[in-house]
Amino acid sequence: MSIPVVTVGDSREDLVGRLERLHGPVSVVRRCSELAELLAACQGGLARAAVVAQGSEELTASLVDRLSAVGVAVLALTDSPEEKARLQGIGVDTDITGVDAAALASRIAGAVARLAGPDPRLRRADGPGSTDAPTPGRSGAAAAEGPGATPGHSGRAAAAGPEGSGAGQIIAVWGPAGSPGRTMLAANMAAELAAEGKSVLLVDADSYGASVAAMLGLLDEAAGLAQACRLADQGLLDAEALLRIAAPVVTRAGTFRVLTGITRADRWTELRAAALSLVLARARQVVDVTVVDTGFCLESDEELSFDTMAPRRNAATLRSLELADTVFAVGAADSIGVPRLVRGLAELEAAVPQASPRVVLNKVRQSAVGRSPERQLRDAWERYGPTAPLSAFLPADPVSSDAALLSGSLLLEAAPDSPLRKGIAGLVCAPVQQNSRSSVFSTTAKRLLKG
Ligand SMILES: Nc1ncnc2c1ncn2[C@@H]1O[C@H](COP(=O)(O)OP(=O)(O)OP(=O)(O)O)[C@@H](O)[C@H]1O
Ligand SMILES: [Mg+2]
């Protein structure tokens with residue numbers, strides 16, 4: 001069957017005309033006068049491929065993502081090496097303007113076949129919850145991008161980036177509403193990893209209440225993540241640009257970098273999934289570990305919007321969780337926080353089935369739970385019956401937490417000997433022990449059971 005193609009612009013020598021005259025594997029169903037018309041035609045289901053013969057400079061990662069979400073592969077013609085590199089960086093196949101019509105037709109067929117293949121973006125590196133066979137359906141970018149999206153299609157090419165995926169790991173820290181300690185955990189994990197000698201990037205992807213900058217005492221109005229997303233969308237976020245935007249945070253034990261969050265919640269549209277995928281792909285190439293502080297909300301907006309191409313309110317959180325190698329789910333250890341976490345884990349399982357979170361109960365204290373709080377919590381956890389086991393308990397430590405907040409510093413500086421600091425370090429800095437079901441949990445449980 002012939003592949004329906006829409007085009008915009010025309011190369012020299014009437015390439016589109018010659019493509020039409022091929023009567024072969026592709027058929028040009030519409031010649032558009034501008035990209036907006038091309039997008040509308042694709043959203044109407046007219047085409048499987050789009051050829052941008054002129055004006056490729058207007059293509060962005062978000063636009064390519066929107067096209068791939070409706071199953072349309074994009075191919076652009078350019079003779080500029082810089083533009084070619086930029087286009088490939090945002091997931092666009094390219095060829096020269098003088099390309100032969102038959103060769104172009106076979107490039108189009110190849111691009112369409114690749115778009116229909118498995119989604120490399122959802123393939124994770126080794127690690128807890130890693131999978132080679134991503135679950136289709138809501139787990140794909142489609143879940144984050146809209147009801148009309150084709151599962152597993154959206155953002156596929158854009159996520160890959162020009163130089164492959166990179167070897168760095170991504171840790172996402174998520175938790176339900178009610179301030180369970182996502183930011184505290186993410187920031188201190190970043191600091192502990194840096195203290196271990198790893199190169200680390202902390203990313204504030206909470207589109208409701210970004211607070212990494214405030215927690216670290218940064219006077220930041222720059223919204224580093226939004227800046228990085230803007231450049232990534234244009235295909236211009238190289239390693240140098242990422243490092244320029246990411247502010248260094250110097251601690252006594254090591255330095256890490258931070259992409260601060262949006263300065264107002266209504267700027268969430270600046271954190272689009274396609275661009276964020278590129279930012280995280282670049283981060284994988286630049287640092288050993290990227291720690292992402294996410295928002296609480298996992299709704300995919302499907303019921304909220306009939307506009308399939310509208311930006312998605314929770315795209316930044318959902319995409320971060322989809323891309324993470326390790327997901328930590330943190331809940332507050334009290335009678336409000338635990339049921340919320342249990343319900344939230346069910347939502348997480350539905351929204352991002354491949355997440356396999358490591359569950360952390362934070363702010364563990366006798367005054368909220370009763371005597372032997374860890375044992376009480378473990379018993380309660382078993383009664384609620386969530387599938388994910390508890391991985392670790394972190395103690396309530398308002399004195400250390402407040403000291404860190406007051407000085408805009410990390411626990412390793414403000415309270416280096418505190419059990420809270422040591423518990424967080426143990427989560428990220430002792431992976432061998434942690435993999436055998438958390439030393440923090442098992443020693444505590446053993447002790448409690450004996451007592
Ligand atoms: N283990 C702990 N002991 C005492 N206080 C804590 C602990 N963990 C976090 N806190 C405090 O709880 C408050 C909320 O923490 P944090 O901002 O990390 O939560 P969050 O889940 O990111 O919330 P938000 O919904 O605002 O994003 C902060 O004042 C923090 O210092
Ligand atoms: Mg937070």
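How many residues line the largest pocket, and which of them lie nearest its centre? The lining has 28 residues, with G181, M184, M215, K363 and L405 lying nearest the centre. This is a predicted model, in which local features need pLDDT of at least 70 and side-chain atom pairs count only at pLDDT 80 or more, while totals for chains, interfaces and linings use all residues. Residues are numbered from 1 along each chain as its sequence is written, chains are lettered from A and ligands numbered from 1 in the order in which they are written, and side-chain values use heavy atoms, with hydrogens and water left out.

The space in the largest pocket comes to about 480 Å³. Here a pocket is an open set of points on a 1 Å grid over the protein atoms alone, where a 1.4 Å probe fits, with protein on both sides within 12 Å along at least five of seven lines, and lining residues have an atom within 4 Å of a point. Grid points are joined across faces, edges and corners, and the volume is the space filled by probe spheres set on them. Sorted by class, the lining splits into 13 nonpolar, 9 polar and 6 charged residues (Ala, Val, Leu, Ile, Met, Phe, Trp, Tyr, Cys and Pro count as nonpolar, Asp, Glu, Lys and Arg as charged, and the others, Gly among them, as polar).

Now for the sheets. One open sheet has 8 strands in the order β8-β9-β7-β10-β6-β11-β12-β13, with mixed pairing; two strands pair if DSSP finds at least two bridges between them. The edges belong to β8 (247-250) and β13 (390-395), each of which has a single partner strand, so one side of each lacks a neighbour in the sheet. On average, neighbouring strands of this sheet are turned by 25° against each other, direction ignored (axes are lines fitted to C-alpha atoms, for helices over the stretch in contact, and angles run from 0 to 180 degrees between N-to-C directions). Within this sheet, β6 pairs with β11 (residues 326-332) in the parallel sense over 4 bridges, and A172 stands opposite V327 in β11.

V291 sits in strand β10 (residues 289-294). Its relative accessible area is 0%, so V291 is buried (buried means under 20%, exposed over 50%, partly exposed in between, with a 1.4 Å probe and protein chains only). V291 and A172 are 119 residues apart in sequence, yet their C-alpha atoms are 5.8 Å apart in space. Leaving out residues up to four places away in sequence, V291 touches I171, V173, A186, A190, L193, V200, L201, L202 and V203, where contact means heavy atoms within 4.5 Å.

A further open sheet has 5 strands in the order β2-β1-β3-β4-β5, with parallel pairing. At its edges stand β2 and β5 (93-95), each with a single partner strand, so one side of each has no neighbour in the sheet. The twist from one strand to the next averages 25°. Helix α2 (residues 35-43) packs on this sheet and touches β1, β2 and β3, its direction making about 160° with that of β1.

Strand β1 (residues 3-8) is mostly covered, with 6 of its 6 residues buried. I3, V5 and T7 point one way from β1, and P4, V6 and V8 the other way. Strand β1 runs parallel to β2 (residues 26-32), joined to it by 6 bridges, and P4 stands opposite S27 in β2. With β3 (residues 49-52), β1 pairs in the parallel sense over 4 bridges; V5 has A49 as its bridge partner there, and V6 stands opposite A50.

Helix α13 (residues 315-323) is mostly covered too, with 9 of its 9 residues buried. Among them are R319 and E322.

Most residues other than glycine have a negative phi. S179, though not a glycine, has a positive phi of about 50°; S179 lies in the loop between β6 (169-174) and α8, and counts as exposed at 55% relative accessibility. S372 has a positive phi near 45° and lies in the loop between α15 (366-369) and α16 (373-384). With a relative accessible area of 23%, S372 is partly exposed.

Terms used:
Helices (H or I, at least four residues) and strands (E, at least two) are DSSP runs, numbered from the N terminus.
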